[in-house]
Amino acid sequence: MKMQWAALIAFLLGVTPLSAFAYQPSLGDAQQSAPAERISFLVTFGSEQCPKADGDEIIVCAAQPEAERYRIPKPLREEDDSDAAGGSWSAAVESLDSYARAILPNSCSVNGSSGFTGCLQKALQQWYVERRGTDTKR
């Protein structure tokens, strides 16, 4: 039994290196392949001329007036006024405070670590409001 396993392992070890010698391109093949083409995108301003292409090079050239040389590109210049309709900063702070009020201490809320501490205070305030409502009839 040991002989059969040893023969099988020897056979597999002998066959495996053959697959490792599959065709691999040599350095000569790599030197003979065509180089990748080169593409350049350029912008010229004023009376500048687009450069001439050398060999397989492709040059894409856009001409702009001289006044645009030091300006921010048009897509970045356009302003988006949709954010400006939000209102004042104080209104934004008040709205954020109202959202956070539910998790602060003395808030009578199930949220937050001390939210329950304001429940007695809230009940007393409600009692005073109800009491004032009945006292105004005197």
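Tutor: Partly exposed means a relative accessible area between the buried limit, under 20%, and the exposed limit, over 50%. Keep in mind that this is a predicted model.

Student: Is isoleucine 39 buried, exposed or partly exposed?

Tutor: Isoleucine 39 is found in strand β1. Its relative accessible area is 43%. Buried needs under 20% and exposed needs over 50%, so isoleucine 39 counts as partly exposed.

Student: Which residues make the nonpolar surface patch of about 380 Å²?

Tutor: Two elements, β1 and β2, each give two or more residues to the nonpolar patch. The patch covers about 380 Å². Its members are Ile39, Phe41, Ile58 and Val60.

Student: Where is glutamate 57, and is it buried or exposed?

Tutor: Glutamate 57 is placed in the loop between β1 (39–45) and β2 (58–64). Its relative accessible area is 15%. The limit for buried is under 20%, so glutamate 57 is buried.

Student: What is the length of the polar contact between the side chains of glutamate 57 and serine 40?

Tutor: Leave aside neighbours within four places in sequence: glutamate 57 is then in contact with Arg38 and Ser40. With serine 40, the side chains form a polar contact. Its length is 3.3 Å.

Student: How are the rings of tryptophan 127 and tyrosine 128 arranged?

Tutor: The count comes to one aromatic pair. The ring centres of tryptophan 127 and tyrosine 128 are 5.0 Å apart, with the planes at 65 degrees. Planes over 60 degrees apart count as edge-to-face, so this pair is edge-to-face.

Student: What is the relative accessible area of tyrosine 128?

Tutor: Tryptophan 127 is partly exposed, at 43%. Tyrosine 128 is partly exposed too, and its relative accessible area is 40%.

How values were computed. Residues numbered from 1 in each chain as written. Predicted model: local features only at pLDDT ≥ 70, side-chain atom pairs only at ≥ 80, totals over all residues. Heavy atoms only, no water. Helix = DSSP H or I, 4+ residues; strand = E, 2+ residues; numbered from the N terminus. Buried < 20%, exposed > 50% of the residue type's maximum accessible area, 1.4 Å probe, protein only. Polar contact = N/O pair within 3.5 Å; in protein donor to acceptor, adjacent residues only side chain to side chain. Contact = heavy atoms within 4.5 Å. Phe/Tyr/Trp six-rings, centres within 6.5 Å; stacked < 30°, edge-to-face > 60°. Patch = residues over 30% accessible without salt bridge, like charges linked within 9 Å, V, L, I, M, F, W, Y side chains within 5 Å. Areas by Shrake-Rupley, 256 points an atom, 1.4 Å probe, with all protein chains shown as cover. Salt bridge = Lys/Arg side-chain N within 4 Å of Asp/Glu carboxyl O.
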